[in-house]
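Subject: Structure handover

Hello,

Here is the structure you are taking over. Please open it beside this message and read the two together.

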Amino acid sequence: MKFDQPAGTNPIDQLKVVGRPTSRIDGPLKTTGTAPYAYERHDVVPNQAYGYIVGAAVAKGRIRRMDTSAAKAAPGVVTVVTTLDFPKPLPLGMQNIAHLFGGADVAHYHQAIAVVVADTFEQARAAAALIRTDYDRVPGRFDLAREAPNAPLEGGSSGEGSAAPAIDRIGDFAKAFAAAPVKVDRTYTTPDESHMMMEPFATIASWDGDKVTLWTSNQMIAWSKGSLAKILSIPPENVRLDSPYIGGGFGGKLFVRADAVCAALAARAARRPVKIAMQRPLMANNSTHRPATIQHVRLGATKDGRLTAIAHSSTSGNLPEGKPETAVSQTKLFYAAPNRETYMKLAVLDLPEGNAMRAPGEAPGLMVLEMAMDELAEALDMDPVELRAINDTQVDPEKPGTPFSERHYVECLRTGAGRFGWSRRNPKPAQVREGRWLIGMGMAGGFRGNILTKSAARIRLERNGRLTVETDMTDIGTGTYTILAQTAAEMMGVPLSQVDVKLGDSDFPKSAGSGGQWGANNATAGLYAACMKLREAVAQQLGFNSADVAFADGKVSAGGRSAALAEAARAGPLTAEDGFDPTDMGERWQQATFAAHFVEVAVDSFTGETRIRRMLAACDAGRILNPKAARSQVIGAMTMGVGAALMEELAVDTRFGFFVNHDLASYEVPVHADIPHQEVIFLDFPDDKSSPMKAKGVGELGLCGVGAAIANAIYNATGVRVRDYPITLDKHL
Ligand code: MOS
């Protein structure tokens with residue numbers, strides 16, 4: 001189904017099922033521990049052996065020699081596959097920056113160099129410790145500040161390495177900034193962060209002749225099927241992925257990782273199915289992370305707070321051929337100002353691969369931009385909410401001919417401020433005390449793009465009247481099962497309990513997948529298209545004129561006549577398959593989601609310890625398909641924002657080139673006791689240019705801006721401005 005004009009009124013707008021705060025249909029499986037995650041799929045294939053990955057012990061160099069004889073002779077060992085079994089690195093999968101296996105070169109610490117296969121996990125682990133590897137170590141580049149280049153990255157702030165100008169410019173920033181009566185000119189830093197999802201990378205691989213099946217944990221099934229075909233040098237039709245439940249991804253599972261590649265290689269060598277769960281201590285250095293940034297923001301404004309000049313640059317690092325963290329992307333779109341300049345710099349680092357982590361670009365970009373806005377508000381002696389509201393724009397500031405499809409940022413600011421009690425904030429810092437605690441309030445804006453992409457689905461009306469939905473869409477803990485069931489129930493006029501949803505199998509129609517908060521809108525729109533087709537088939541089967549047929553209460557009716565929906569499948573199941581194809585809708589309008597975050601903190605005046613007291617998010621993200629699931633996404637993201645503001649940091653050992661705190665004990669994330677009551681408000685602005693569902697994403701929006709709101713609250717509490725995240729207590733001193 002081509003989507004090339006605003007969606008008119010359609011069956012989804014009934015909102016009998018869609019738009020309701022339905023509990024997850026997969027909830028009982030999750031809460032009883034019976035949802036089958038990749039490593040637990042003991043029943044999919046017999047005789048599963050255990051694989052254990054060995055990570056490189058140096059950050060950069062070449063393997064001179066590996067001695068696997070003791071490992072091979074160890075009890076229970078089936079086989080050992082080493083990277084030296086392959087003369088050169090295996091091809092890169094989609095979006096991979098580091099090669100995942102093969103060859104003697106080591107590009108980063110904990111790169112997979114061997115996989116040991118044994119009858120039990122313990123045997124594989126014990127044997128892995130017997131492998132002796134000799135390296136020729138070479139010096140590497142590990143310090144972002146030291147390696148930062150002087151020249152902006154070719155390709156400008158899109159970072160797409162094209163021949164575009166290195167600096168994106170509108171107007172004359174230098175002149176306008178020099179002339180601005182009020183300015184901010186500051187440098188800020190954000191650290192490397194790790195996804196640290198609960199479920200590690202995990203795969204069971206099994207070969208049948210030259211065909212391989214991988215029961216795995218992956219956000220983007222079609223991408224990863226293509227990647228595995230390329231990496232393994234086999235045709236895509238010989239690869240099947242199945243990933244029905246995923247214990248968190250946060251962008252780390254967008255692409256194929258070493259668990260899948262090593263399981264496939266090991267299973268081929270062992271002539272036996274092999275299962276691998278990447279051991280926790282390998283997760284941070286073997287996989288990807290959100291790259292650290294050094295960001296420079298300059299804001300110039302008139303005395304009444306109108307922005308005249310905005311400049312934002314970001315420096316990040318990556319392996320050779322890597323991409324930058326696009327931390328300036330929101331700055332191109334968020335606030336009006338006639339003179340603008342954005343660019344990125346990219347350092348070559350020999351640390352593990354930098355890649356997407358929840359709201360890549362905007363998450364670290366807004367931690368900085370929205371702190372700079374707070375500093376500007378203070379310099380102007382202006383309320384931070386007002387400063388943002390008067391600099392709102394309804395068109396793309398760099399392409400004035402392109403309006404936003406829907407943009408209700410100002411409503412987010414006003415609604416959030418009202419509900420939070422923002423007017424009670426004392427704008428002068430360090431004034432409010434409760435015993436030893438300094439109390440402060442802060443706010444920040446949130447922005448995240450709304451990406452439209454193709455997505456297909458299949459729906460079948462079974463003989464018994466039940467509906468079965470099939471798509472390779474994934475549920476990374478976000479509620480996909482539920483919103484797809486709601487969509488089918490609404491479209492076909494049946495109760496939710498009559499819909500079965502099957503996900504994550506590469507044999508199913510190709511969906512948008514889960515990434516970039518595009519999953520909910522695009523995947524439900526794809527199913528909407530399939531349902532429209534099924535409605536036609538049903539109407540035809542029952543002899544109705546399809547133009548005016550109503551589907552409600554399990555019945556199909558038109559012109560005073562009515563029949564049970566199940567009647568249409570009496571002769572056999574009816575199947576329809578179609579997809580959502582947004583063509584150029586994403587270019588005719590700027591599409592984005594907006595939020596305003598408000599936070600109250602208490603900072604211990606003696607120790608600098610920060611406690612979050614209250615958090616509130618007001619979100620403008622199109623139609624909310626399921627307010628309960630969406631709220632869960634946003635409060636989870638707000639929690640991640642607390643981590644980013646106060647705790648999360650991969651500590652780089654700049655001598656040896658690795659992330660030191662590479663386990664859940666030493667990589668700090670918030671726990672329940674760190675998180676207070678959180679409130680989420682969804683504004684009701686369906687976006688008919690986003691899809692027939694009129695929805696958008698919220699999974700990443702909830703994180704965007706949270707860190708800055710906390711930083712700004714800490715400043716309001718203490719009068720100490722920390723520009724180096726995370727804001728740990730030592731930095732107040
Ligand atoms: Mo998201 S970082 O695109 O899963």
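Through how many residues does a hairpin join E16 to E17? The hairpin runs through two residues. Before the rest, some notes on how to read the names and values. This is a predicted model, in which local features need pLDDT of at least 70 and side-chain atom pairs count only at pLDDT 80 or more, while totals for chains, interfaces and linings use all residues. Residues are numbered from 1 along each chain as its sequence is written. Helices (H or I, at least four residues) and strands (E, at least two) are DSSP runs, numbered from the N terminus.

**The hairpin**

Strand E16 covers residues 395-396 and strand E17 covers residues 399-403; two bridges join them and they run antiparallel. Two strands pair if DSSP finds at least two bridges between them. Asp396 has Lys399 in E17 as its bridge partner.

**The seven-stranded sheet**

Seven strands form an open sheet in the order E3-E5-E1-E12-E9-E10-E11, and the pairing is mixed. At its edges are strand E3 (77-82) and E11, each of which pairs on one side only. From one strand to the next the twist averages 20 degrees. (Axes are lines fitted to C-alpha atoms, for helices over the stretch in contact, and angles run from 0 to 180 degrees between N-to-C directions.)

Strand E10 (residues 211-216) pairs with E11 in the parallel sense, over four bridges. Within this pair, Thr213 has Arg240 in E11 as its bridge partner. H6 packs on the sheet and touches E10 and E11, with its direction at about 145 degrees to that of E11. Contact here means that the C-beta atoms of two residues, placed from the backbone, lie within 7 Å. H7 also packs on the sheet, where the strands it touches include strand E1 (49-55), strand E5 (112-118) and strand E9 (202-208). The direction of H7 makes about 35 degrees with that of E9.

**Two residues with positive phi**

Most residues other than glycine have a negative phi, and most peptide bonds are trans. Ser233 is not a glycine, yet has a positive phi of about 55 degrees. Ser233 sits in the loop between helix H6 (221-232) and strand E11 (239-242). Phe250 is not a glycine either and has a positive phi of about 55 degrees; its place is the loop between E11 and helix H7 (258-270).

Are these two buried or exposed? A residue is buried if 20 or more other C-beta atoms lie within 10 Å of its own, exposed if 12 or fewer, and partly exposed in between, with C-beta atoms placed from the backbone. Ser233 is exposed, with 8 other C-beta atoms within 10 Å, whereas Phe250 is buried, with 25.

**The five-stranded sheet**

Another open sheet has five strands in the order E18-E19-E27-E28-E31, with mixed pairing. Strand E18 (432-434) and strand E31 (678-682) are at the edges with a single partner strand each, so one side of each has no neighbour in the sheet. The twist averages 25 degrees from one strand to the next. Strand E28 (residues 610-620) and E31 run parallel and are joined by five bridges. Ala618 stands opposite Ile681 in E31.

Helix H11 (residues 409-420) packs on this sheet and touches strand E19 (437-449), strand E27 (592-604), E28 and E31. The direction of H11 makes about 140 degrees with that of E28. H16 lies across E19, E27 and E28 and runs at about 155 degrees to E19.

In the segment after helix H16 (706-718) lies Pro726. A cis peptide bond joins Tyr725 to Pro726, with omega about -5 degrees.

**A buried helix and its partner**

Helix H12 (residues 480-492) has 13 residues and reaches 18 Å from its first C-alpha to its last, close to the 18 Å expected at 1.5 Å a residue. That expected span is 1.5 Å times one less than the number of residues. Of the 13 residues of H12, 13 are buried, so the helix is largely enclosed by the rest of the structure. Just after H12, Gly493 takes a positive phi of about 70 degrees.

The axes of H12 and helix H13 (residues 519-542) come within 9 Å and cross at roughly 30 degrees. The two helices are therefore roughly parallel to each other (angles under 35 degrees count as roughly parallel, over 145 as roughly antiparallel, 65 to 115 as roughly perpendicular and the rest as oblique). Residues in the contact include Ile483 and Leu484 of H12 and Ala523 and Leu527 of H13.

Regards
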